[in-house]
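Subject: Structure handover

Hello,

Here is the structure I said I would pass on. My notes on it follow below.

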Amino acid sequence: MKLLANVRKLLLLRRQRPMERLMTTTQAHDTTTAAASAPALTSAQLDELERNIELRHHKNNIPLIRKLIKALQNGVDVDKEIHRQLEDQLELLPNATHPRLLRYENQPFELANYKHRPLPEQGAKEFSELARALNLYRMDHLGNYTGHKSYYLTGQLAMLEQAIIQYALESVTRQGFKLISVPDILPREVIESCGMRTEGERTQVYKLDTGECLSGTSEMALAGFFAKKMLTEQQLPLKVAAVSRCYRAETSGLHEEKGIYRVHQFTKVEMFAITAPEQSEAMLEQFKDTEIALFKQLGINFRLLDMPPCELGAPAYQKYDIEAWMPGRQMWGEISSCSNCTDYQAKRLDIKYKRATDGSVVHAHTLNGTATAIPRLLIALIESYQSTDNGDSITIPEVLVPFMNGQRTIARNKRIPETKLVKFIKSE
């Protein structure tokens, strides 16, 4: 963590204009002294950064950083292009990694396994088969007007989606999270400051012609809401939540990820917190416990995983995943996660707070967690609660009944007509 703090100081210094840089070293008598006070990255420190990058399976840009630093040390300090390149490369460095995770290598560690229902037998129906049989879902033949990986939920399944959202919101607000309604269109800078790249062949971000982007999660909008904010220590920890549509350009051809498991847009209830550095690890445990309580009450089988360095992405210092057992697919599927991003996002978005003890200003820590991600949770619920005889009905979990107007089962929807693809041949 100290090493990355040194990197960030260097990054901030590179961003400052010459006059501002001089003003930050009021003790200095000339620009030479100011330059000497700049934090430097030694070869050993760069080696340590490189090891962290390799652990996280991140793109290794340390050789280029070494080259740029050497160019500056050789007196190319006036070259603005060198400064810009170095700034860009420092921005790409991932967060530090929690020491606990180093022993996991590339495999997650299962911390707990929660079994609330009998383990499924072979032959359980998959979500798409069940939903089509009940006439509550459509994903076929949508390419002409909504595109690949789109879907419709109808009737009682659409009601169940709203019930899950209301259940999750009631749970998180009871835990002290304040609800915020957020925009879906965000500046590219906010998304990249949260740790998601908007350029490149593998980006998951949808970009608009205006240069703005569609948000992949409300975490980004919530973080952006507090950008350039100065908070007081008394305001921390600050906990907020949002419901939003999430847009992902990712695709998958894997058979186990068919249907609504991996789609281009979906609804999610997200938790977000800003804390003092000494509060963030305890807050991550609170996020984890909130998620566990949510899924326990839903009565599904799920497990808690402590994720290895290679699964942290760029911003997370540590992360927990929750996977639910999906009987129809005979697989575990991720339905939730929570991450401690320490000051990775706060540094980039300039989220600070003033300490009560000495009045010093420091960057806060940020955390995020998924209360519910609708499509995958629907898969786990529908497949887990299908009737054991012929799968022609779904039992609604007891905790969701109040949000379904007292309805306890989902049966075939006869009011909405089935849709079939019809080809029209124009006669000459």
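**Helices α4 and α5**

Helix α4 (residues 43-55) and helix α5 (residues 62-73) have axes that come within 10 Å and cross at roughly 160°. An angle over 145 degrees counts as roughly antiparallel, and α4 and α5 are therefore roughly antiparallel to each other. Their crossing is right-handed. On the α4 side the contact involves Ser43, Leu46, Asp47, Leu49, Glu50 and Ile53, which meet Ile62, Pro63, Ile65, Arg66 and Ile69 of α5. Sorted by class, this contact has seven nonpolar, one polar and three charged residues.

Please keep in mind that this is a predicted model.

**The chain overall**

The protein chain holds 13 helices and 17 strands. It has 428 residues, and buried residues make up 51% of them. Of the contacts in the chain with a separation of 6 or more, 71% are accounted for by residues 24 or more positions apart.

**Helices α8 and α13**

Two packed helices are described by the angle between their axes and the distance between the axes. For helix α8 (residues 155-174) and helix α13 (residues 374-384), the angle is about 110° and the axes are 11 Å apart. Angles of 65 to 115 degrees count as roughly perpendicular, and α8 and α13 are therefore roughly perpendicular to each other. The crossing in which α8 passes α13 is right-handed. Leu157, Leu160, Glu161, Ile164 and Ile165 make the contact from α8, and Ile374, Leu377, Leu378, Leu381 and Ile382 make it from α13. By class, the contact of α8 with α13 has nine nonpolar residues, no polar ones and one charged one.

How many of the residues of α13 are buried? The count is 11 of its 11 residues. The buried residues of α13 include Arg376 and Glu383, along with Ile374, Leu377, Leu378, Leu381 and Ile382.

**Strand β8 and its partners**

Strand β8 (residues 238-247) is mostly covered, with eight of its 10 residues buried. Strands of a sheet pair through backbone hydrogen bonds, either parallel or antiparallel. β8 runs parallel to strand β4 (residues 178-179), and two bridges join them. It runs antiparallel to strand β9 (residues 265-275), to which 10 bridges join it. Val240 takes part in both pairings: Val240 of β8 is the bridge partner of Lys178, and Phe272 in β9 is the bridge partner of Val240.

Helix α10 (residues 218-225) packs on these strands, among other elements. The buried residues of α10 pack against β5 (185-186), α9 (188-193), β8, β9, α12 (344-349) and β15. Those buried residues are Ser218, Glu219, Met220, Ala221, Leu222 and Ala223. α10 is mostly covered, as six of its eight residues are buried.

**Strand β12 and its partners**

Strand β12 (residues 331-340) has eight of its 10 residues buried, so it is largely enclosed by the rest of the structure. Nine bridges join β12 to strand β11 (residues 318-326), and the two strands run antiparallel. Within that pairing, Gly333 in β12 is the bridge partner of Ala324. β11 and β12 form a hairpin with four residues between them, and Gln330 in the turn has a positive phi of about 55°. β12 also pairs with strand β15 (residues 365-373), in the antiparallel sense and over three bridges. Here Cys338 stands opposite Gly369 in β15.

**The sheet of β7, β13 and β14**

Three strands form an open sheet in the order β7-β13-β14, and the pairing is mixed. Why is one side of β7 and of β14 left without a neighbour in the sheet? β7 (230-232) and β14 (361-363) stand at the edges and each has a single partner strand, so one side of each has no neighbour there. From one strand to the next, the twist averages 35°. β7 and strand β13 (residues 352-354) run parallel and are joined by three bridges. In this pair, Leu231 stands opposite Tyr353 in β13.

Regards

How values were computed:
Residues are numbered from 1 along each chain as its sequence is written. This is a predicted model: local features need pLDDT of at least 70, side-chain atom pairs count only at pLDDT 80 or more; totals for chains, interfaces and linings use all residues. Side-chain values use heavy atoms; hydrogens and water are left out. Buried means under 20% relative accessible area, exposed over 50%, partly exposed in between (1.4 Å probe, protein chains only). Two strands pair if DSSP finds at least two bridges between them. Axes are lines fitted to C-alpha atoms, for helices over the stretch in contact, and angles run from 0 to 180 degrees between N-to-C directions. Angles under 35 degrees count as roughly parallel, over 145 as roughly antiparallel, 65 to 115 as roughly perpendicular and the rest as oblique. A crossing is left-handed if the near helix is turned anticlockwise from the far one by less than a right angle, and right-handed if clockwise. Contact means heavy atoms within 4.5 Å. Ala, Val, Leu, Ile, Met, Phe, Trp, Tyr, Cys and Pro count as nonpolar, Asp, Glu, Lys and Arg as charged, and the others, Gly among them, as polar.
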